[in-house]
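Biologist: Could you walk me through this one? I'm new to reading models.

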Amino acid sequence: MGALANLILAMAVGAALLLPMLWWPMQLGGASGQSQQVPFLGGGSQSAHAWQRFHIRYYPMTLLFIAFEMEMMFMYPWAVVYVETGIKALAEMGMFLSILGVGIVYAWREGVFRWQ
Amino acid sequence: MAVRALAWLAERSATPVYIACGQDGDAMAARLAQVPAISLQHSIRHAAILLVAGPYRDADRPALRRLHDQLPHPRATVWWGAVPLAEAQDAVTIAQGDHPVARLRRLDRNLLRGERASEPDWLPDEPPNEWRGKGDHGQGGEGMMGGVPYGRPMAMMGEEMRDALMLDAMTITIGPFLRTLPPGLSLELTLQGDVIQQARVVTPAYPASGGASEPLLRAARMLESLGLPDLARRAQISAMRDSAEGLLAAARRCGALLALPAELADVRARLEAALRGGTAPDPGEEWLVDRLAGMEWQSALLRIASFDPATLAQIAPAAEPDEDEEDGDEKERAA
């Protein structure tokens, strides 16, 4: 019974907070007219819709970042078993890192790190 | 209760004003920059009062109407040295020589207390373009590509200047009352992301009035674009006092000149000259629209703001209307 009362109380408080937020814009009257929905361009207007695709130029750098972040994730369990596995673990991680290193060199050559 | 408390607080804060600069509007705006009770906004959506400063051209009337209707309620318009439009009822007019601060404060207070009614729209409450789509949502039947919902085309792909990626280009018109542009200048820009692909002058900037304070006002506009509003205000106040003393040193200390990259060396030279109260020579051979193609938005705004009125008049005259448009007009006349 106590839980139900708490629930009803929470809903009542929620409604008391939310209803004025819904009611408030209605009081402004005309605030959502067509002219108010047009973007501000200093008196100018747009002649095409704003729904468009454009290039995220940091995209290759983001991919590279995610790849190396995942590499760090692999290194945590490796660090745990490193002491008992010894030189074999070191060699395996060396191979893994050198393959990734080739990736960095390639990305560098392709100009991924040049900020556009 | 809460609303009354907000109104009480709002009355005591600075009056948010958007200034639409007509001829000599820049100098008039500088007079307001010294007043802490007035806060000049960069977007009409942040203002309560539209202040039309100085005479405007007939060609700017539609832009003024659009600008007014974007003001949030409660709102009012003040005509400072400008003739009110026919739509403006109960217009508040102030002579160009008078100082409008007291009137603006009173008007703001009356609006907040509800003693003055908010101004109605000047344009009819209908979409700026008519509904011309085929589908239920005006999609035009070609998926995301193409179609003309609400009479405006969807953005279509175009060649990218930097890396030839085919991505959407969007065409917009900015100005003539955008505060970051010289007053009166209106440009039609085709943008891909933030890169300007193509530009066209719709209306030229207002001609120079020959005031000695012009370079400092121009410097203030550039500093504002650089994100240094306090220094910009200082430049405006210096412009009113006709003294550029210490301004260049202050700009150097803020790193305003270093903030301009090497490819904007011409802008840096013009800013330096303007902060000294002079004008850097410009060969003025290349059209403004050609200088803007391929530039990023922020750099382009800085470059436009850096030209003095005489050079701007030379390199950015109003463009000839497109041949298609002319044909259309002739057909309309024939019909």
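Modeller: From the N terminus on, chain A runs α-α-α, where helices (H or I, at least four residues) and strands (E, at least two) are DSSP runs numbered from the N terminus. It's a predicted model, so local features need pLDDT of at least 70 and side-chain atom pairs 80 or more, while totals for chains, interfaces and linings use all residues. Residues are numbered from 1 along each chain, chains are lettered from A and ligands numbered from 1 as written, and side-chain values use heavy atoms, without hydrogens or water.

Biologist: Is I66(A) buried, partly exposed or exposed?

Modeller: I66(A) sits in helix α2 (residues 59-85) of chain A. Buried means under 20% relative accessible area, exposed over 50%, partly exposed in between (1.4 Å probe, protein chains only). I66(A) has 40% relative accessibility, so the label is partly exposed.

Biologist: Which element gives the most to the lining of the largest cavity?

Modeller: A cavity is a set of points on a 1 Å grid over the protein atoms alone where a 1.4 Å probe fits but cannot get out, and lining residues have an atom within 4 Å of a point. The largest cavity is lined by 18 residues, with C21(B), D26(B), R179(B), R221(B) and Q236(B) nearest its centre. β1 (15-21), α2 (25-33) and α5 (214-225) of chain B are the elements that give two or more residues to that lining. The top contributor, with 4 residues, is α5(B).

Definitions and conventions: On a 1 Å grid over the protein atoms alone, a cavity is a set of points where a 1.4 Å probe fits but cannot get out, and a pocket is an open set with protein on both sides within 12 Å along at least five of seven lines; lining residues have an atom within 4 Å of a point.
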